[in-house]
Amino acid sequence: MLSWLKKKARMYSPWIYHFHAGGCNGCDIETFATLIPRFDIERFGVKLVNSPRHADIIIINGPITKQFVPMLLRVYNQVPNPKVVIAIGSCALTCGVFNRNGEENYALAGPAEKIIPVDVCVPGCPPKPEAIIQGVIFAIKKLSSKK
Amino acid sequence: MRNIKTLIEALKNIHSKETISYPIGEWPGKKYSNIPETLRGKPIINEEKCIGCEACYNACSAFTIKFFNEKDKRRYSIDINKCIFCGRCEDVCPEDAIKLSNEFELTHFPEENEEKRYVKWEKILKNCKNCGERFATIDQINKIHDRISLNINPKVSEEVLKDYEIYSNYCPKCRKILSYKIGINPSKYYLRIGKDLKEMK
């Protein structure tokens with residue numbers, strides 16, 4: 001009974017932690033644009049939090065540089081279960097323009113998939129704010145199926 | 001005084017909506033929100049128009065467009081996760097076969113890779129008569145034939161087009177080796193042009 005109530009409460013208030021790992025800031029601006037009254041993602045109960053310990057969803061932007069890997073792992077381990085990871089932008093998904101086919105970039109530790117499990121992909125460079133809202137809705141769906 | 005001004009402003013706009021009701025409902029005029037016509041989204045390919053010239057492969061700035069040969073077919077693919085929607089392929093395409101649509105809702109789960117992640121198409125290849133290597137797509141060879149017949153001097157058109165039909169059966173390596181054997185060596189054209197020039201004078 002209590003777990004059912006917990007789950008239902010989690011569905012209506014998924015809190016988000018935003019993680020920026022290198023990149024050009026384009027996707028960051030679009031993610032913050034989703035929080036303003038025009039796109040208003042807060043009507044789904046979403047709230048941007050400062051500590052990963054309070055969060056249910058992690059948003060990752062940018063190709064992950066080698067310096068960022070320990071931070072990312074630390075943040076990922078701090079988020080309580082169940083957790084969902086959204087990778088936003090072509091950089092976070094496949095390193096985008098920073099990585100040629102087969103060749104490795106000396107500054108990058110590869111896309112987010114190499115380091116932590118990614119649950120939802122939002123392609124685009126940068127994606128439209130509506131696309132990010134769709135990604136968050138997909139993430140909430142995934143959150144309901146996880147334990 | 002300021003507070004009163006803001007209050008008046010708020011009362012004026014009490015009925016106007018500002019938030020876009022994105023997942024459900026319609027924004028006045030257009031679906032969801034104002035999507036501009038020039039928005040660059042998922043690339044769409046017209047397979048009939050495409051000739052397989054690989055111009056998009058050379059122009060792609062994010063190295064997303066790939067191709068490989070499989071038996072008698074050449075398979076092309078675009079990885080949407082890596083695409084940055086710059087539109088260079090659209091600019092470069094000589095046949096307007098590739099176009100960026102308005103579709104921007106591309107969110108997917110990483111498990112369902114093949115369907116949503118890749119745009120795929122394929123073209124049939126032509127074999128070399130001599131060595132059996134697959135060197136170009138049939139559509140591309142036909143297109144070159146059409147281009148030549150449009151731009152050629154009518155004096156030599158018949159001869160050149162006849163030669164092209166022989167010429168197009170061989171791969172670039174075999175053309176060099178067999179050019180005198182088949183009778184497509186370029187020197188005969190030079191001689192002919194020289195004669196024409198003398199006549200003109």
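Tutor: One term to begin with: two strands pair if DSSP finds at least two bridges between them. Helices (H or I, at least four residues) and strands (E, at least two) are DSSP runs, numbered from the N terminus. This is a predicted model, where local features need pLDDT of at least 70 and side-chain atom pairs count only at pLDDT 80 or more, while totals for chains, interfaces and linings use all residues. Residues are numbered from 1 along each chain as its sequence is written, and chains are lettered from A and ligands numbered from 1 in the order in which they are written.

Student: OK, chain A. How many helices and strands does it have?

Tutor: Six helices and five strands. Read from the N terminus, the elements go α-β-α-β-β-α-β-α-α-β-α. The radius of gyration (over C-alpha atoms) is 15 Å, close to the 15 Å that the globule rule (2.2 Å times the number of residues to the power 0.38) gives for 147 residues, so chain A is as compact as a globular protein of that length.

Student: And what box do its C-alpha atoms fill?

Tutor: Roughly 50 × 35 × 25 Å along the principal axes.

Student: What's the strand order in the sheet?

Tutor: It's an open sheet of five strands in chain A, E2-E1-E3-E4-E5, with parallel pairing. The edges are E2 and E5 of chain A, each pairing on one side only.

Student: Which bridges hold E1(A) to E2(A)?

Tutor: E1 (residues 15–20) and E2 (residues 47–48) of chain A are parallel and share two bridges. Ile16(A) sits opposite Leu48(A) there. Together with helix H2 (residues 26–33) of chain A, E1(A) and E2(A) make a right-handed β-α-β unit. Right-handed here means that, with the strands pointing away from the viewer, the path from the first strand over the helix to the second runs clockwise.

Student: How about the other neighbour, E3(A)?

Tutor: E1(A) pairs in parallel with E3 (residues 57–61) of chain A over five bridges, and His18(A) has Ile59(A) as its bridge partner in E3(A). Further along, E4 (residues 84–88) of chain A is parallel to E5(A) over three bridges, with Ala87(A) partnered by Cys121(A) in E5(A).

Student: How much of chain A is buried?

Tutor: 43% of its 147 residues. Buried means 20 or more other C-beta atoms within 10 Å of the residue's own, exposed means 12 or fewer, and partly exposed is in between, with C-beta atoms placed from the backbone. For chain B, 15% of the 201 residues count as buried.

Student: Switching to chain B, then. What's in it?

Tutor: Eight helices and six strands, in the order α-β-α-β-β-α-β-α-β-β-α-α-α-α from the N terminus. E2 (residues 65–70) and E3 (residues 73–79) of chain B run antiparallel, joined by six bridges, and Lys66(B) has Ser77(B) as its bridge partner in E3(B).

Student: What does the turn between E2(B) and E3(B) look like?

Tutor: E2(B) and E3(B) form a hairpin with two residues between them, and Lys71(B) in the turn has a positive phi of about 55 degrees. E3(B) is also antiparallel to E5(B), over seven bridges; Lys73(B) stands opposite Ile124(B) in E5(B).

Student: Where are the domains in chain B?

Tutor: The assignment (bounds from an automatic or database domain assignment) gives domain 1 (43–127) and domain 2 (134–200). Over C-alpha atoms, the centres of these two domains of chain B are 32 Å apart. Their contact takes 11 residues from domain 1 and nine residues from domain 2 of chain B, where contact means C-beta atoms, placed from the backbone, within 7 Å. On the domain 1 side, the largest share is five residues from strand E5 (residues 118–127) of chain B.

Student: Last topic: how many residues of chain A are in contact with chain B?

Tutor: 26 residues of chain A, in contact with 24 of chain B. The chain A elements giving two or more residues to that side are helix H4 (89–94), strand E5 (120–122) and helix H6 (129–145). H6(A) gives the largest share, seven residues.

Conventions:
Contact = placed C-beta atoms within 7 Å.
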